Amino acid sequence: MALEIGDRLPSFSLEDQNGDLRTPASVQGRWLVLFFYPKDDTPGCTAEACSFRDNAESFAALDAEVWGISGDDAVSHRRFASRHNLTFPLLCDRNNALRREMGVPKALGLLPGRVTYIVDGEGVIRHTFSKLLDGPAHVREAQQVLNQLRG
């Protein structure tokens, strides 16, 4: 069952591309933008990640952390981050355990879906957005929603 607005973000601990463990508790009090994406270095995922990178200052101004999550391993994430100068953590969701726990749907029943969650400083999901074929739309949606929620 997919997590929805008003649900609490589950507790998790995932390694990022640099081997650092990331937990929601580490950003308590700040907004968190979690974007699940299908795979490193695919065209849509690259466009999405680069759009988050290009808008990093606006997310910082909104007191929001951005974390990308896919089932790729740390080596793949490091290559992806290095190749595209990504400035945010890419979390390794081995076996897609967190993806399943949060109920992120598969696209066409096969491909890992593309879903973004906006989580408030208390760990409550305040917004979700899913659009597989337009990665940059996730960035625009996240900025707009954060501006509204913080306003």
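Hi everyone. Before we start, this is a predicted model, so to speak of local features we need pLDDT of at least 70, side-chain atom pairs count only at pLDDT 80 or more, and totals for chains, interfaces and linings use all residues. Residues are numbered from 1 along each chain as its sequence is written, and side-chain values use heavy atoms, with hydrogens and water left out.

Let's begin with strand 3, residues 31-36. Helices (H or I, at least four residues) and strands (E, at least two) are DSSP runs here, numbered from the N terminus. Six of the six residues in strand 3 are buried, so the strand is largely enclosed by the rest of the structure. By buried I mean under 20% relative accessible area; exposed is over 50%, and partly exposed is in between, with a 1.4 Å probe and protein chains only. In a regular strand, side chains alternate between the two faces of the sheet. In strand 3, both faces are covered: Trp31, Val33 and Phe35 are buried on one side, and Leu32, Leu34 and Phe36 on the other.

What does strand 3 pair with in the parallel sense? That is strand 4, residues 64-70, over six bridges; two strands pair if DSSP finds at least two bridges between them. Leu34 stands opposite Trp67 of strand 4. Strand 3 also runs antiparallel to strand 8, residues 115-119, with five bridges, and there Leu32 stands opposite Val119.

Strand 8 in turn is joined by five bridges to strand 9, residues 125-130, again antiparallel. Tyr117 faces Thr128 across that pair, standing opposite it. Strands 8 and 9 form a hairpin with five residues between them, and Gly123 in the turn has a positive phi of about 85°.

Now to helix 1, residues 43-54. Its twelve residues should span 16 Å at 1.5 Å a residue, and the end C-alpha atoms are 16 Å apart, which agrees; the expected span is 1.5 Å times one less than the number of residues. Its buried residues are Cys45, Thr46, Glu48, Ala49, Cys50, Ser51 and Phe52. They pack against several elements, including strand 3, strand 4 and helix 5 (135-150), where contact means heavy atoms within 4.5 Å.

Last, some loop residues. Most residues other than glycine have a negative phi. Asp63, in the loop between helix 2 and strand 4, has a positive phi of about 60° although it is not a glycine. Is Asp63 buried or partly exposed? Asp63 is partly exposed, at 30% relative accessibility. Asn85, in the loop between helix 3 and strand 5, also has a positive phi, of about 50°, and is exposed at 57%.
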